[in-house]
Amino acid sequence: QNATFAGDVVLATSGNATLSVKALDSGTSAAGLNLYGYRTAGDADDVVRMAFYNQASGDEKIARIDIKKDSASVTDAGAFEFYTNNGTSENLALTLDSSQDATFAGNVGIGTTTADALLHVYQASAGSMTADASGDLLVLEDTSSNGMSFFMPDSSSGMIMWTSPSS
């Protein structure tokens, strides 16, 4: 059935609320989206959650996004948390906090889905190899000549610095 509303639709006025949208096939399979609102005493843990489902059997959550307060002491400061599911458990993959800082839980690939380093910038395959553990924070990969460019105005300098705690 279809429903049309001319104003606000309120699912709950206190406590927690859930809205589910599912596309069912002729059997028991469903794909869908659940929207949740959680509220706790003191507002420190207020969360809006969007959970994505693919229910071939049971309740299989494949991903979710949480929008929540960053801190109980900061008014209206919020964070986004993105979770993925590896088939066994949910894992926090990315956090965007109220300072607009992004924290990735794992390697980041640009141009690749199989990053070999903390940051792997991929243009094309350089062949079958693995970064040495003592140099695996940044990988720049290409099938031909490879390099970095530093752009700055004439009145400025470019540099790469090597630093240790004792220097």
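This is a predicted model: local features need pLDDT of at least 70, side-chain atom pairs count only at pLDDT 80 or more; totals for chains, interfaces and linings use all residues.
# A working chat on an all-strand model

User: How many helices and strands does the protein have?
Analyst: The protein has 10 strands and zero helices. Both kinds of element are DSSP runs numbered from the N terminus: helices are H or I with at least four residues, and strands are E with at least two.

User: What percentage of the residues count as buried?
Analyst: Of the 167 residues, 15% count as buried. Buried means under 20% relative accessible area, exposed means over 50%, and partly exposed lies in between (1.4 Å probe, protein chains only).

User: And what part of the contacts comes from residues 24 or more positions apart?
Analyst: Such residues account for 7% of the contacts with a separation of 6 or more. A contact means heavy atoms within 4.5 Å.

User: Turning to sheets, which strands form the open sheet, and is the pairing parallel or antiparallel?
Analyst: Three strands form an open sheet in the order β8-β9-β10, with parallel pairing. The edge strands, each pairing on one side only, are β8 (108–110) and β10 (138–141). From one strand to the next, the twist averages 10°. Two strands pair if DSSP finds at least two bridges between them.

User: How many bridges join β9 to β10?
Analyst: Four bridges join strand β9 (residues 119–122) to β10. Leu 119 has Leu 138 as its bridge partner in β10.

User: Which residues form the nonpolar patch on the surface?
Analyst: Leu 119 and Leu 138 both belong to the patch, which also includes Ile 110, Phe 150 and Trp 162; its residues together have about 1100 Å² of accessible area. Patches are made of residues with over 30% relative accessible area and no salt bridge; like charges are joined within 9 Å, and nonpolar side chains (Val, Leu, Ile, Met, Phe, Trp, Tyr) within 5 Å.

User: Where is Trp 162 placed? Is Trp 162 buried or exposed?
Analyst: Trp 162 is in the segment after β10. Trp 162 is exposed, with a relative accessible area of 76%.

User: New topic: how many salt bridges does a search of the whole structure find?
Analyst: The search finds four salt bridges. Each is a side-chain nitrogen of Lys or Arg within 4 Å of a carboxyl oxygen of Asp or Glu.

User: Which residues are linked in a network of them?
Analyst: The network links Arg 49, Arg 64, Asp 66 and Glu 90. Arg 64 meets Asp 66 at 3.0 Å, N to O, and both residues are buried. Arg 64 also forms a salt bridge with Glu 90, where the closest N and O atoms are 2.5 Å apart.

User: Why does the pair of Arg 64 and Glu 90 tie together parts of the sequence?
Analyst: Arg 64 lies in strand β4 (residues 61–69) and Glu 90 in strand β6 (residues 90–96), so the pair ties together parts that are 26 residues apart in sequence. Arg 64 has a relative accessible area of 10%, whereas Glu 90 is partly exposed at 31%.

User: With which residue does Lys 68 form a salt bridge?
Analyst: Lys 68 forms a salt bridge with Glu 81, the closest N and O atoms being 3.5 Å apart. This pair links distant parts of the chain, 13 residues apart, with Lys 68 in strand β4 and Glu 81 in strand β5 (residues 78–85). Lys 68 is partly exposed at 29% relative accessible area, while Glu 81 counts as buried at 10%.

User: Last one: what is the phi of Gln 100 near?
Analyst: Phi of Gln 100 is near 65°, a positive value in a residue other than glycine. Most residues other than glycine have a negative phi. Gln 100 is found in the loop between β6 and β7 (102–104), and is exposed, with a relative accessible area of 75%.

Conventions. Residues are numbered from 1 along each chain as its sequence is written. Side-chain values use heavy atoms; hydrogens and water are left out. Axes are lines fitted to C-alpha atoms, for helices over the stretch in contact, and angles run from 0 to 180 degrees between N-to-C directions. Accessible areas come from the Shrake-Rupley method with a 1.4 Å probe; for residues, only the protein chains shown count as cover.
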